[in-house]
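Reader: Could you walk me through a few parts of this one with me? I would like to start with strands and then move to a single residue.

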Amino acid sequence: MCKRSRPEGNSVFSALSIRSRGAVRLAAATVVSGFVAAGAIAVAGPAAAEEAPQHRGGATATLGGLQTYDQAVIKDEGGSRQVPAGLFEMSVEDGGTLQTYCIDIHNPTQKDAKYQETPWSGTSLSANRNAGKIRWILQHSYPQVNDLAELARKAGARSLTEKSAAAGTQVAIWRYSDDAKVEALDPQAEKLADYLQRSARGGAEPKASLTLDPPALSGRAGERIGPVTVRTDAESVSVAQPADSAATGVKVVGKDGKPAKSAANGSKLYFDVPKDATDGSAALAVQASTTIPVGRAFTSETHSQTQILAGSSESTVSATATANWAKKGAVPALSAEKNCAKGGVDITASNKGDEPFTFRLMGFKHTIEAGASRTVTIPLQEDQPYDFTIKGPNGFEKRFKGVLDCRTAGSTVGNKAQPASEPSPASAGGASGGGGDLAETGGSNATPMIAGIAIVLVVLGGATVLVLRKKKDPTQSPSTSTED
């Protein structure tokens, strides 16, 4: 929950946090999670392996702390507890400020954690039938509505301050994001929370501020590789040519074949690779300044609580796409995206070469025929870190790493969340965070336990099932077989 943090000490593995964040999930998914964790250790490549695109674009920001807030009371089987509730502030990389509310009341919030704009499919909102109502609340309350007298009139409140308006809005959001029994301490803020909850209507997910689709592709030297389609709500985006363009001759061009300096929503971009270019890869980057749509989710790879956007200044957003090419043989492209609906990470592999592309992952061998594309869903346990590398021809390597964080504690069937009595560890690397008005109620990193389970299960011969979906060329049948 969003409560003020105390100075944090060393990471402690809390039995209470395991109960609150996933004892049921752990029991139900032990075989799958153990096997995948072990596989991640076994197939992790060298540190130099290039990280494949996982962040599909948008804003990247650093969490500050609670800026405008009042008090709320959470009620559960353990009794009642008072916590701060209100607006967080984030600083956007390369310029801009965001205001957010939190949407995972029992997960910790880490000071200075890095956040990335994320589609709802990569968060707990993917399975939340009330996600659209949360967006309605954001659009019809503070800070989007800053006429507090009018907001108080609609809510039947005597008056509202910025603090009570923020608290009432957060309380209403928690009721839908976590199905939490929570009330604002201030009676006027509670009137606002009741009004927002009662009035909320469903709505669609807002579009991303900036993405490139697809984020990874491949082709043959001497061809234009693409297209990469720009999706943005900005009027225009700037296009950066590959860093070594002058040396390799590889350029990013538009449909007219001319080097691209800018693009707009719907623009098609291509990698123009000379025929005599040596086998290799390149990246294009786009950047824009825009107001990010209210309701966009923000997630962190450090178990810091998922946030949802309530307000944005003019902010810098960016996206990257990569291309891989070769003269002959297999020419793979790989990208990854969290899939909370399936409880795992989707890895999409395509092959634009003239030979099959075979890779091994989590004890399975996968073959992508020439001209084909398919998606492999790696099932993971909730809160499980993952880190593995896929290798291909000519030294091709792509690394995938992150943490699956798809559920709130309240969405765990049969499990009542209990806040931990101590703050959780800070950001990645083990550093402890300082003060600030931050949440401290989630669980500690469960990696040691998961790794232990994984080792035991591998010894016992545990196995997992990978969900395969072929994306195109239905006439071909790429083979999939377990390794000996």
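Predicted model: local features only at pLDDT ≥ 70, side-chain atom pairs only at ≥ 80, totals over all residues.

Reader: In what order do the five strands of the open sheet come?

Author: The order is S8-S17-S14-S10-S12, with mixed pairing. Strand S8 (216-220) and strand S12 (262-263) are the edge strands, each pairing on one side only.

Reader: And how many bridges join S14 to S17?

Author: Strand S14, residues 280-291, and strand S17, residues 314-326, run antiparallel and are joined by twelve bridges. As one of the pairs, alanine 285 has threonine 320 in S17 as its bridge partner.

Reader: Changing topic, what do S20 and S21 form?

Author: They form a hairpin with two residues between them, and methionine 362 in the turn has a positive phi of about 55 degrees. Strand S20 (residues 357-361) runs antiparallel to S21, with five bridges joining the two, and phenylalanine 359 stands opposite histidine 366 in S21.

Reader: Why is S21 described as largely enclosed?

Author: Because four of the five residues of strand S21, residues 364-368, are buried, the strand is largely enclosed by the rest of the structure.

Reader: Now threonine 68: buried or exposed?

Author: Threonine 68, which is found in strand S2 (residues 60-76), has 14% relative accessibility and therefore counts as buried, since the cut-off for buried is under 20%.

Reader: Which residues is it in contact with, leaving aside neighbours within four places in sequence?

Author: With those set aside, threonine 68 is in contact with Gly86, Leu87, Tyr142, Glu162, Lys163 and Ala166.

Notes
Residues numbered from 1 in each chain as written. Heavy atoms only, no water. Pairing = 2+ DSSP bridges. Buried < 20%, exposed > 50% of the residue type's maximum accessible area, 1.4 Å probe, protein only. Contact = heavy atoms within 4.5 Å.
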